[in-house]
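Here is my note for your first look at this protein. Please read the points in order, with the model open beside you.

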Amino acid sequence: REASTIAPQSLTLLNGSLVRSEAQAAATRWTAQYAENAALVNGAWRQVLARPPAPDEAARALRFLAEQEKLGGSRQAAAMELARALMNLNEFLYVD
């Protein structure tokens, strides 16, 4: 059988309780461990994707954190959204 992805799978990965709790745990670790957002981005990439971010990825992630902090009101909330985003990348979900 060919592999397929259906909408409920994608929605579970985006909004499921396991992903949310793991993203919250990661955000708690990252905000405690890294005082600067650039270090947080680098650490997040290394932990989730086992590689450093490319320069353009780092720049986008820093903008994302700044925007999310304005919307969510805290660095912790912004880091949680970054964790959720990283956990939903194809690179995280599939092995090449």
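1. **Helices and strands.** Helices here are DSSP runs of at least four residues, strands are runs of at least two, and both are numbered from the N terminus. Keep in mind that this is a predicted model. How many helices and strands does the protein have? There are six helices and zero strands. Along the sequence the pattern reads α-α-α-α-α-α.

2. **The whole chain.** The protein has 96 residues, and 30% of them count as buried. Now take the contacts between residues at least 6 apart in sequence. Of these, 61% join residues at least 24 apart.

3. **H2 against H5.** Two packed helices are described by the angle between their axes and the distance between the axes. Start with helix H2, residues 17-33. H2 and H5 pack at an angle of about 125°, and their axes are 8 Å apart. On the H2 side, the contact residues include Val19, Ala23, Ala27 and Trp30. On the H5 side, they include Arg75, Ala79, Ala83 and Met87.

4. **H3 against H5.** The second pair is H3 and H5. Their axes come within 11 Å and cross at roughly 30°. Angles under 35 degrees count as roughly parallel, so H3 and H5 are roughly parallel to each other. This crossing is right-handed. H3 contributes Asn37, Leu40, Val41, Ala44, Trp45, Val48 and Leu49 to the contact. H5 contributes Arg75, Ala79, Leu82, Leu86 and Met87. Look back at the H2 contact: Arg75, Ala79, Leu86 and Met87 of H5 are among its residues too.

5. **Leu49.** Find Leu49 in helix H3, which covers residues 37-49. Is Leu49 buried or exposed? Leu49 has a relative accessible area of 10%, so Leu49 is buried. Which residues does Leu49 touch, leaving out those up to four places away in sequence? They are Ala44, Leu86, Leu89, Glu91 and Phe92. Leu49 and Met87 are 38 residues apart along the chain, yet their C-alpha atoms are separated by 8.8 Å.

6. **Gln68.** Gln68 sits in helix H4. Gln68 is buried, because its relative accessible area of 19% is under the 20% cut-off. Leaving out residues up to four places away in sequence, Gln68 touches Gly73, Ala78 and Glu81. Glu81 returns in point 9, as a salt-bridge partner.

7. **Salt bridges: Glu57 and Arg51.** How many salt bridges does a search of the whole structure find? The search finds three. One joins Glu57 to Arg51, with the closest N and O atoms 2.9 Å apart. Glu57 is buried, with a relative accessible area of 18%. Arg51 is partly exposed, at 22%.

8. **Asp56 and Arg60.** Another salt bridge pairs Asp56 with Arg60. Here the closest N and O atoms are 3.5 Å apart. Both residues lie in helix H4, residues 55-72. Asp56 and Arg60 are four residues apart, so about one helical turn separates them. Asp56 is partly exposed, with a relative accessible area of 43%. Arg60 also counts as partly exposed, at 46%.

9. **Glu81 and Arg84.** The side chains of Glu81 and Arg84 also meet in a salt bridge, at 2.9 Å from N to O. Both residues lie in helix H5, residues 75-87. They are three residues apart, about one turn of the helix. Which of the two is buried? Arg84 counts as buried, at 8% relative accessibility. Glu81 counts as partly exposed, at 23%. Arg84 is also among the H5 residues that make the contact with H2.

Conventions. Residues numbered from 1 in each chain as written. Predicted model: local features only at pLDDT ≥ 70, side-chain atom pairs only at ≥ 80, totals over all residues. Heavy atoms only, no water. Buried < 20%, exposed > 50% of the residue type's maximum accessible area, 1.4 Å probe, protein only. Contact = heavy atoms within 4.5 Å. Salt bridge = Lys/Arg side-chain N within 4 Å of Asp/Glu carboxyl O. Axes fitted to C-alpha atoms, helices over the stretch in contact; angles between N-to-C directions. Parallel < 35°, antiparallel > 145°, perpendicular 65-115°, else oblique. Left-handed = near helix turned anticlockwise from the far one by under 90°.
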